[in-house]
Amino acid sequence: MKKIILLLCSLVTISILASCQKNEEPTKPVVKQTQHNFQKKQSAVVTSLKIEMLSIKDASKSIPKTEKSKDKQLKDKRLLKVEMKIENMTEYNIPMAASLFKVLDSNGKYQPNYPMLDELGETISGNKTVRGAVYFVIPKDSVIEKIVFEDPKRDAFHEWTVEK
C-alpha cells in the first residue's frame, strides 16, 4: 500500500512539474551583419573613366537629429558613405553625378543614392582626378553587397563587389 501511495505522489509531482514548464521555442540569436569594405586598389575603367572605390563608412551620426525625425526614409535605417576616386582618362570634360550609382543590399534590394550636400556632382576636366562621396540609406539589419555604376547616356555599366 505504501508503494502505491508513493507511486501516485511521484506521478502527481511529475505531472505538476511538466505542466509548469513553458512550451517556448528557443529564440534565434540576432546576427548583426558587419559592413565589409573593398579590396585594395579595386578600380575599373568604365568608358574613359578610371573609378576606384576607396571605402564605406557609416555616416548616420553626421545627420542632425531634427533631420532624422523629419525624413521618413531615414527611420530605422542607416546612412552609409562610399568614398571613391575618379580619373578622366580623356581630354574632354565628362559630367559625373551621384545619381549614377546605386547599391545592392544584403536583402537583395537595390537602393538609389541619398542626396547630401557634399556628394559627388561635378564635371571632371580632361586628364584630371577627383575624389567624391556617394551616400546610401539601407535598412539597419543589412549591408552593402555591390555598388553599381550605370550611365545610360554613355552606355556605361560596372559593378563592384564588396569583399567579405
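Mentor: Let us begin with accessibility: a residue is buried under 20% relative accessible area, exposed over 50%, and partly exposed in between (1.4 Å probe, protein chains only). This is a predicted model, in which local features need pLDDT of at least 70 and side-chain atom pairs count only at pLDDT 80 or more, while totals for chains, interfaces and linings use all residues. Residues are numbered from 1 along each chain as its sequence is written, and side-chain values use heavy atoms, with hydrogens and water left out.

Trainee: Why does Glu159 count as partly exposed?

Mentor: The relative accessibility of Glu159 is 29%. This value lies between 20% and 50%, so Glu159 is partly exposed.

Trainee: What makes Gly121 exposed?

Mentor: Gly121 has a relative accessible area of 52%. The limit is over 50%, so Gly121 counts as exposed.

Trainee: How do you know that Glu159 forms a salt bridge with Lys146?

Mentor: A salt bridge requires a side-chain nitrogen of Lys or Arg within 4 Å of a carboxyl oxygen of Asp or Glu. The closest N and O atoms of Glu159 and Lys146 are 3.3 Å apart, so the pair qualifies. The pair links distant parts of the chain, with Glu159 in strand β10 (residues 156–161) and Lys146 in strand β9, 13 residues apart. Strands (E, at least two residues) are DSSP runs, numbered from the N terminus.

Trainee: Why is the contact between Glu150 and Lys102 called a salt bridge?

Mentor: The N to O distance is 3.7 Å, which is within 4 Å, so the name applies. Glu150 lies in strand β9 and Lys102 in strand β5, so the pair ties together parts that are 48 residues apart in sequence.

Trainee: What makes the pair of Phe101 and Phe149 tilted?

Mentor: Rings of Phe, Tyr and Trp (its six-membered ring) pair if their centres lie within 6.5 Å; planes under 30 degrees apart count as stacked, over 60 as edge-to-face and the rest as tilted. The centres of Phe101 and Phe149 are 5.1 Å apart and the planes stand at 45°, so the pair is tilted. Both Phe101 and Phe149 are buried.

Trainee: How do you know that the charged end of Lys102 sits over the ring of Tyr110?

Mentor: The rule asks that NZ of Lys or CZ of Arg be within 6 Å of the ring centre and within 35 degrees of the ring normal. The charged end of Lys102 is 4.8 Å from the centre of the Tyr110 ring, which meets the distance limit of 6 Å.

Key
Helices (H or I, at least four residues) and strands (E, at least two) are DSSP runs, numbered from the N terminus.
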